[in-house]
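Subject: Structure handover

Hi,

Here is the structure I promised to pass on.

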Amino acid sequence: MDFGLVLQTDPPATAVVELMRRAERSGFRYGWTFDSAVLWQEPFVIYSRILEHTERLVVGPMVTNPSTRTPEVTASTFATLNDMYGNRTVCGIGRGDSAMRVAGRKPNTLASLRESIRVIRDLAEGREADVGGTALRIPWIRDGKLPVWMAAYGPKALALAGQEADGFILQLADPFLTEWMVKHVREAAAEAGRDPAAVTICVAAPAYVGDDLDHAREQCRWFGGMVGNHVADLVGRYGEHSAMIPEALTAYIKQRHGYDYSHHGRAGNPSTDFVPDDIVDRFCLLGPAQAHRERLEHLRDLGVDQFALYAMHDAKETTIDAYGEHVIPVLG
C-alpha cells in the first residue's frame with residue numbers, strides 16, 4: 001500500500017514544502033493538495049518547490065476540475081513539471097466543489113469531465129487531442145507521463161471513473177462504502193473492456209493518531225461536512241431513499257442546513273455541527289496507531305492501493321511521524 005499526504009496550500013508556502021519533505025522522510029510516496037484558487041494559494045507554483053526539495057515524491061491536486069483552468073493549460077502545466085522533475089506528477093480531477101461554488105459557478109457536468117480527462121492526459125503525454133473542435137498537440141513534450149485519477153461518489157461518476165480514469169479517488173475511509181464503490185468502478189472498467197485491476201484505488205480521509213477520541217473527532221468533523229456537500233448533490237439528483245445510493249452514505253445529512261465555504265476543510269467549521277460522531281469514526285481514521293493499521297489492513301484487503309492522509313488538524317507533524325514509525329513500515 002502506498003501512502004499520501006494531503007494539505008491545503010495555506011500561506012506560508014514554505015510550511016507546505018517542509019511538511020511534504022517531512023512526509024517523504026517518513027515514507028510517504030505522494031504529496032497532494034487542495035486546489036481552490038480563492039481559498040488557498042496556487043498549488044502548481046508550490047508543486048515546483050516541493051519537487052525541487054524532494055527526491056521521489058509524486059505531487060498533484062486532490063482535486064482540480066475542468067473549468068478553473070482550461071484542459072490545455074492544465075496539461076501544459078503538468079507537462080512542464082514533468083519535464084523539469086521527471087514525471088513525478090498525478091492529476092486528481094473531479095467535477096469541482098469549493099473552486100466552483102466559491103466563484104458562484106456550478107460544478108462541471110460528467111460529460112465535460114469525461115472529455116477533459118481524455119484531453120489532459122493525451123496532451124500531457126504528447127499526443128494530439130481535439131479541444132473544442134481544434135486539433136492540438138504540445139510539440140515540446142518528450143516521454144511525458146500523466147496518470148489521471150478521478151474523484152467520485154455517485155453511480156454515474158463511479159462508472160465514468162471505471163471507464164476513463166487511471167485511478168479512482170474516494171474521499172472517505174468507511175470499509176462498507178469503499179467496498180460498494182470499488183465494486184462499481186471495477187465493474188464499469190470491465191464493461192468498458194479495461195482491466196479492472198489496472199485502475200488504482202486511492203482512499204483519502206483525515207487521520208489523527210492519539211488516545212483522546214473526543215478531541216480527534218472535533219479536529220476531523222469538518223470532513224463529514226465536506227463530504228456532505230457531494231452527498232447533498234446526490235440526494236438532490238437521485239432522491240433521499242434511492243436504491244442507487246447506500247443510505248450508509250446519505251442518511252446523515254438530514255440535519256444539514258447549508259454550508260459556509262469560508263471555513264472549508266478546517267477544524268471547528270460551524271457548518272458541520274450536523275455531522276454525528278459515528279460518521280466521523282467511519283469516514284476518518286482515529287485513535288492509536290494500532291487502530292489505524294487495522295482499518296488500513298481492511299481497506300487494503302478491499303483493493304485499496306493508496307491511503308492519502310488529510311492533515312488539516314493540530315497534530316500534523318505528530319501524525320506524519322506516527323505513520324512513518326508505526327504504520328508505513330508495516331503496510332507500505
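**What I found**

Trp222 and Phe223 are both buried (buried is under 20% relative accessible area, exposed over 50%, partly exposed in between, with a 1.4 Å probe and protein chains only). Before going further: this is a predicted model, where local features need pLDDT of at least 70 and side-chain atom pairs count only at pLDDT 80 or more, while totals for chains, interfaces and linings use all residues. Residues are numbered from 1 along each chain as its sequence is written, and side-chain values use heavy atoms, with hydrogens and water left out.

**Aromatic rings**

A search of the whole structure turns up 17 aromatic pairs. Rings of Phe, Tyr and Trp (its six-membered ring) pair if their centres lie within 6.5 Å; planes under 30 degrees apart are stacked, over 60 edge-to-face and the rest tilted. Phe44 and Tyr47 make an edge-to-face pair, because their ring centres are 5.1 Å apart and their planes stand at 75°. These two sit three residues apart in helix α2, about one turn of the helix. Phe44 is buried at 7% relative accessibility, and Tyr47 is buried at 0%. Trp222 and Phe223 are edge-to-face as well, with centres 5.6 Å apart and planes at 85°. Together with Phe34, Trp40 and Tyr310, Trp222 and Phe223 form one aromatic cluster.

**Around helix α2**

Helices (H or I, at least four residues) and strands (E, at least two) are DSSP runs, numbered from the N terminus. Seven of the ten residues of α2 are buried, so the helix is largely enclosed by the rest of the structure. What covers those buried residues? The cover includes α1 (13-25), β2, β3 and α3 (71-85). At the start of α2, a side-chain oxygen of Glu42 comes to within 3.1 Å of the backbone nitrogen of Phe44.

Helix α2 (residues 43-52) also belongs to a right-handed β-α-β unit with β2 and β3; right-handed means that, with the strands pointing away from the viewer, the path from the first strand over the helix to the second runs clockwise. β2 (residues 30-33) and β3 run parallel and are joined by four bridges (strands pair if DSSP finds at least two bridges between them). Tyr30 has Val58 as its bridge partner in β3. Strand β3 (residues 58-61) is covered on both faces, with Val58 and Gly60 buried on one side and Val59 and Pro61 buried on the other.

Asp174 lies in the loop between β8 (167-170) and α7 (175-191). Is Asp174 buried or exposed? Its relative accessible area is 6%, so Asp174 is buried. The Asp174 side chain reaches the backbone nitrogen of Leu177 at 2.8 Å and makes a polar contact with the side chain of Arg282 at 3.1 Å. A polar contact is a pair of N or O atoms within 3.5 Å; within protein, one must be able to donate a hydrogen and the other to accept it, and residues adjacent in sequence count only if both atoms are side-chain atoms.

Trp140 is in the loop between β6 (134-136) and β7 (148-151). Trp140 has 38% relative accessibility, so it counts as partly exposed. Not counting residues up to four places away in sequence, Trp140 touches Ser76, Ala79, Thr80 and Asp83 (contact means heavy atoms within 4.5 Å).

Cheers
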